[in-house]
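Morning, everyone. Let me put the structure up, and then we'll walk through it piece by piece.

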Amino acid sequence: MTMDMFQPQQASSMLVSNVWDDLWWRGTTGASTFADGIDTIFFFIFWVSLLFFIVLMGLMVLFAWAYRRRQGYGPESSASHNTTLEITWTVIPSILFLIMFLWGFKGYLPMQIAPSDSEVINVSAYQWGWEWTYDTGAQTQQFEVMADVPSPVFAVPVGRPVKLIMSSRDVIHSAYISQFRVKRDIFPNKYTTLWFQAEQTTHYFDEEAGEALPISPDNKGFHLACTEYCGDQHSQMWGRIAVMAEADYQAWKAKMGTFEGPLHELGKLLHTTKGCAACHSVDGSQKTGPTWQGVWMEPREFTNAPGESYADETEYRNYMRESILEPHKKILAGYPNQMQSYQGQLTDREMLGLLVYMKTLSSNPDDVSAAMAESAAEMEAREAGESESEGGEAAAEEMS
Amino acid sequence: MSHHDVSYLAPKETGWKTIWSWIFTVDHKKIGVMYLAAVLLAFLLGGIFAIALRLELWEPVKTLADGTVTGQVLDLGAGATANNWYNRAFTLHGTVMVFLFIIPSIPASLGNIFLPIMLGAKDVAFPKLNLFSWYVYVFGGLFALYAILAGGVETGWTFYTPYSSTTEWGSVTAMVLGAFILGFSSIFTGMNFIATVHKLRTPGMGWFDMPLFVWALYATSIIQVLATPVLGITLLFIVFERMFQVGVFDPALGGDPVLFQHFFWFYSHPAVYIMILPGFGVISEMIAVHCQKKLFGYKAIAFSSIAIAAISFLVWGHHMFTSETPAANAIFSALTFLVAIPTAIKVFNWIATMYKASIAINTPMLYVMAFLFCFTIGGLTGPPLATLAVDIHLHDTYFVVAHFHYVMMGGTVLAFIGALHHWWPKIFGKMYNEFWGMMGCTLVFVGFNVTFFTQFFLGTQGMPRRYATYIEEFTSLHQISTIGSLILALGLFVHLGNFILSLVSGPKAPRNPWGGLTFEWEADAPPVEHNFPKEPVIVHGPYDYGTVTPPHTNPGEFPLNDERPSA
């Protein structure tokens, strides 16, 4: 870390002290290359509006006082229309509206075309969360609590354009990063794009923690939110946008591209990163989908298929695998047919990781120790295999 | 049963006959009163949902380290999460307020009562259709009520696909059918009003002799008749998609979700003008009467209503600035600014009307000024949303929520409450208490502004709308907004109490307490069954204040232009 990292922080704390910017923008101005231009148009409209408002309300209050009704006094005679006046007050707003329209269009067009040298990130939105896949295949493993749920931290580089290519797995969502002043809807049937260039560094990559950490406690970074209503946890689709210097960004991306832990830890991570956590608790609490706690090998009742009980573990694993890849086939009684298929989104090791993790949540202690043993054995075999082959190729392949 | 000298409210010989005379009435005034009761009930219901969601937003839901959950206000058990309760509350608030309250509010209640009277007619053109429209409204309302009781809906009142067409949660089909049925009630009322305006003006009344409330209702009716069928078929498509998997909007079935947005807003944007134009109409009436002044620019106001009705069909795309292509957005941005011009002209005309007037300070006039204040804010916060670059930031945030409420509540609802006071003596023949009326108005005005002005800041700061919970940064602004909503609710209950007391023990109203010149002030208070003992004759313009002494007023009560007390 060098001293220049702290410059943006000083700049931002100066802004925070500005009451006016605090009121309108929570003190965050100039966070992206679009922000200042858009804020300028906003304030042009604001001051013009305020002028009109003061004149109109001033006249209203003045008239209400000056011409208040007095016993015995009639109104004064005055013209009931005045063509010159009426044309004037039609033309002046029309000219102002024309300026607003042209200026707004001029500010909007550059937002539509991302520079060709943009850093491209693929974004998948789903009920209810975000999956960002970086050009290296990396996906975030870093989370922080926002609006009461673990929310992903997404790093972006400072000072160069970033283009998001976005699609939805289910209903319409919308990506909104308020401090960058950008927003675009996300559809299940087509790609939409959104681009921005961040101008203020908020995070640095901490080698020890292996995570992006805020430079200043005053600025925890910017936020991503969903702005198209998408159901139950629409209000909990937050994400943290961590803007980092290029070297830190690359280091973060490299770190997020690897996972070295054992199966049950992989499963636990996927529970958050793949969005399972939005609907499936691991502590028995009630959510949109059934909890994973204490259900391993439990018999199941379905609304669209005969009930099942599981004689051996392979049968149960097949049921779970099917529930992940073809969730519509068997709908657990008491739950809606809500889940989208994870077909093609999980590697074999990831699927196994999820199953082993679920097994560690079993109410039977034997299952838990068996799962831990399975996890440890797999780790041992992997390490043995890795030392045979060159470097970490296998691990890199696993994550891509 | 035509009595020329009996109030339309007079009970019949027996209780049964009295009930019968209401539920099978074809009298536009009784139908108007029944609509009034129904829409006020809907307003109460929608208001309860509003307060519920404001309370839930008092603080964000938070799970503490020991597992206890704080900040969850809406917890009625039944295994549903706070999110779910909130999502139902905001959906039902929107659905009830839009379809059951604000669309029928002024036209179906006050419009029904006063449109024929202002034209000097005995009734609307199709009295039986009028009664039928009320029953259709009630039937549609019952559907909606069933949907609420059967679990509710949590799709948002906009029913965006594919969420609305695929969600298995709640009773979307019943609610959508309810809105579909309510649309017919709206179409019937619109057709009736158009025919009435064309055919039933008293002999000698030309188009420019009509009061501006009638012009506004006429413009509203045109939109209702032309736009509502589009909503009807769109809602039916959702039902078809849900029930028979006919793929229109759901991509999984080969449909296009953005198509729904186009269909929906092709109705629902003009619908915003269905909601506000009648408000413009009553403001024009009230400001002229309570200022005893000829309206400034009568023709400009009349034509601007028609211009707004026409342009309103061409701006729907501004609801899709974040989902559509740049070319479409540019066109819709320009057209949106175009609709702002006639709206601005109206505000200038109203304020110019107050110049050199004789302005009474009473509840209706306070409401006129509260309307001008709030509606001007609502209007001026439109341009930032029409400006493409700025809207990208503000779209679907609380800025839009605030703007919408400043126009709909600060515009239409304030006009409606003001107009209720203005015409209360005529409808029920009883005066209300002026002190409590003004007190209620003050509370409503303060509460409304505290609730919704705060939300402009929430919006620019990046708080998205339709959020059951939020990140902690927004807590203090949400709390101010919630406090405002409670003040607002208190003000509304003051009005309710005042109205009930007026009915129970209010003094008998004079025929023309405000010195009005339009035909309803010629009629008895309350009017007789056929409105006028004999067909009224037009002898002066609707706003010839200052040159014509208002009928049925005491000498000297409303002095003419430049009259001064004789020394």
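At what angle do the axes of helix 15 and helix 16 of chain B cross? Before I answer, some ground rules. This is a predicted model: local features need pLDDT of at least 70, side-chain atom pairs count only at pLDDT 80 or more, and totals for chains, interfaces and linings use all residues. Residues are numbered from 1 along each chain as its sequence is written, while chains are lettered from A and ligands numbered from 1 in the order in which they are written.

Now the helices. Helix 15 covers residues 434-460 of chain B, helix 16 covers residues 475-505, and their axes cross at roughly 160°, coming within 7 Å. Helices here are DSSP runs of H or I, at least four residues, and strands are runs of E, at least two, numbered from the N terminus. Axes are lines fitted to C-alpha atoms, for helices over the stretch in contact, with angles from 0 to 180 degrees between N-to-C directions. So helix 15 of chain B is roughly antiparallel to helix 16 of chain B (over 145 degrees). Their contact has 17 nonpolar, 12 polar and no charged residues. Nonpolar means Ala, Val, Leu, Ile, Met, Phe, Trp, Tyr, Cys and Pro; charged means Asp, Glu, Lys and Arg; the others, Gly among them, are polar.

Next, the contact of the chains. Chain A puts in 77 residues and chain B 86. Contact means C-beta atoms, placed from the backbone, within 7 Å. On the chain A side, helix 4 gives the most, with 15 residues. By class, that side has 40 nonpolar, 25 polar and 12 charged residues.

One residue to look at is A:Asp232. Where does A:Asp232 sit? Its place is the loop between strand 11 and strand 12 of chain A. A:Asp232 is buried, with 24 other C-beta atoms within 10 Å; the cut-off for buried is 20 or more. Leaving aside neighbours within four places in sequence, its contacts are A:Thr288, B:Thr81, B:Asn83, B:Asn84 and B:Asn87.

Last, a sheet in chain A. It is open, with 4 strands in the order 2-1-5-8 and mixed pairing. Two strands pair if DSSP finds at least two bridges between them. The edges are strand 2 and strand 8, each pairing on one side only. Strands 5 and 8 of chain A run antiparallel, joined by 6 bridges. There, A:Met166 stands opposite A:Thr192 in strand 8.

Note on methods. Two residues are in contact if their C-beta atoms, placed from the backbone, lie within 7 Å. Angles under 35 degrees count as roughly parallel, over 145 as roughly antiparallel, 65 to 115 as roughly perpendicular and the rest as oblique. A residue is buried if 20 or more other C-beta atoms lie within 10 Å of its own, exposed if 12 or fewer, and partly exposed in between; C-beta atoms are placed from the backbone.
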